[in-house]
Amino acid sequence: MGSYLLAIAVLVLLGYGVQTARWKNWSGYFLGKYRTFTLSAAAVFWVGIFLVLALFGGLRYYVGTDFESYYQIFLDICEDWEDVRYNGTERGFVWMNRLLSLFTEEPQWIIFLANAFVSFFCTWALIKESRFVPFSLYLVFTTLYYQSFNLVRQGMACAVVLLAFAYAKERKWLRCYGLVLFAALFHRTALLVLPVMVLVRFRYPHALYFVFFALASLGIFLKEQVIALLLRIYPSAVTASEAYLYEEFSPVQTILCLIYVALCLLYEQKLLEKDRGNIVYLNMSILLLGMYAFFYWIPMWGRLQLYFIGLYSLIVPEVIACEDSRLLRILYYVVIWGILLFFFIVPNWSSVGVWPYQTIFAR
């Protein structure tokens, strides 16, 4: 647990460095032979953030229950590029292994490369859209990034989808949809994000939000039928573990989602006046509250929600930035961040809830 807290502390400090550099417009100058170059201090901190993320996850060793299987995939592909056991594995990940095998036979490199991939896309998304970097880094690290230690291929897809949402907020839809298709090369479940992207781009009357919650609350009565339908669409989920098939209701996550929705609706006018692309954030916050409150039992929801949970790293700072009072903004972060810290640190303090961390140097 201590290793994770140390990494979080370093990232948060670097995030504050980015924020301070933004607020005070820190930059440096150095002379070239023919011109003067400007270097933003924020860019230096961002490089530090990427390196911490890439090294912390890339140098891990036997962290996560699926770690050994990714070692084995690389070794098998090194031996035989056309290994039939991986015909059903997403082509993007297979080709990553194939190309890497041209340069090395050390399996740790596929762990490092996959983690660098996740780190790069997460950092890129935060550079583009995070209004308060320390909070965004904390939330990304404890959700999407941490889960990618075990769900490697899906973690890569989730990182790309996070960037896709950043482009959706900018209303650059071709880039957004293109990134989702690219994400599907690493985990095909990313395709489920496409219809969501289409739905959240429009502004709806508030009455439709109430209709959505009313219908969602009735979903429990159709639980068996919905589960049967989804398992026919995605039959391989039948072989998944019980934990992935039927999730438990999370009061903490539902309360947090409710807080996020309340803030979005409270500052809706300012949010949309600032940037009409923020409708994506408003709609996603409402959709996720409905999912966590009423559809947590959907098969594989524990995995599917990873495509969306990291988006709060962009939504929450954007909404809180709409508040003019500095004192109230601080209060919002104290409450939200306090809840997140408590329910990350306390349950995991004994390292029962987190994978014990060690590096490749312990091999």
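Angles under 35 degrees between axes count as roughly parallel, over 145 as roughly antiparallel, 65 to 115 as roughly perpendicular and the rest as oblique. Axes here are lines fitted to C-alpha atoms, for helices over the stretch in contact, and the angles run from 0 to 180 degrees between N-to-C directions. Helices (H or I, at least four residues) and strands (E, at least two) are DSSP runs, numbered from the N terminus.

The model on display is predicted: local features need pLDDT of at least 70, side-chain atom pairs count only at pLDDT 80 or more, and totals for chains, interfaces and linings use all residues. Residues are numbered from 1 along each chain as its sequence is written, and side-chain values use heavy atoms, with hydrogens and water left out.

**First stop: H18 and H19**

Select residues 312-320 (helix H18) and 326-348 (helix H19), which pack at an angle of about 150° with their axes 10 Å apart. The two helices are therefore roughly antiparallel to each other. Display Val 316, Pro 317 and Ile 320 of H18 together with Arg 329, Tyr 332, Tyr 333 and Ile 336 of H19, which make the contact (heavy atoms within 4.5 Å).

Remain on H19 and select Leu 340. At 16% relative accessibility, Leu 340 counts as buried (under 20% relative accessible area, with exposed over 50% and partly exposed in between; 1.4 Å probe, protein chains only). Leu 340 touches Phe 135, Tyr 138, Leu 139, Leu 256 and Tyr 260, not counting residues up to four places away in sequence.

**Second stop: Gln 154**

Proceed to helix H7 (residues 152-169) and select Gln 154. Gln 154 is buried, at 2% relative accessibility. Beyond its neighbours within four places in sequence, Gln 154 is in contact with His 187, Arg 303, Leu 304, Leu 306 and Tyr 307.

**Third stop: aromatic rings**

Rings of Phe, Tyr and Trp (its six-membered ring) pair if their centres lie within 6.5 Å; planes under 30 degrees apart count as stacked, over 60 as edge-to-face and the rest as tilted. The structure holds 42 aromatic pairs. Select Trp 109 and Phe 112, an edge-to-face pair with 5.7 Å centre to centre and 75° between the planes. Both residues lie in helix H5 (residues 108-129), three residues apart. Trp 109 is partly exposed at 45%, and Phe 112 is partly exposed at 23%.

Next, select Tyr 4, Phe 56, Phe 141, Tyr 145, Tyr 146, Phe 149, Trp 355 and Tyr 357, which form one aromatic cluster.
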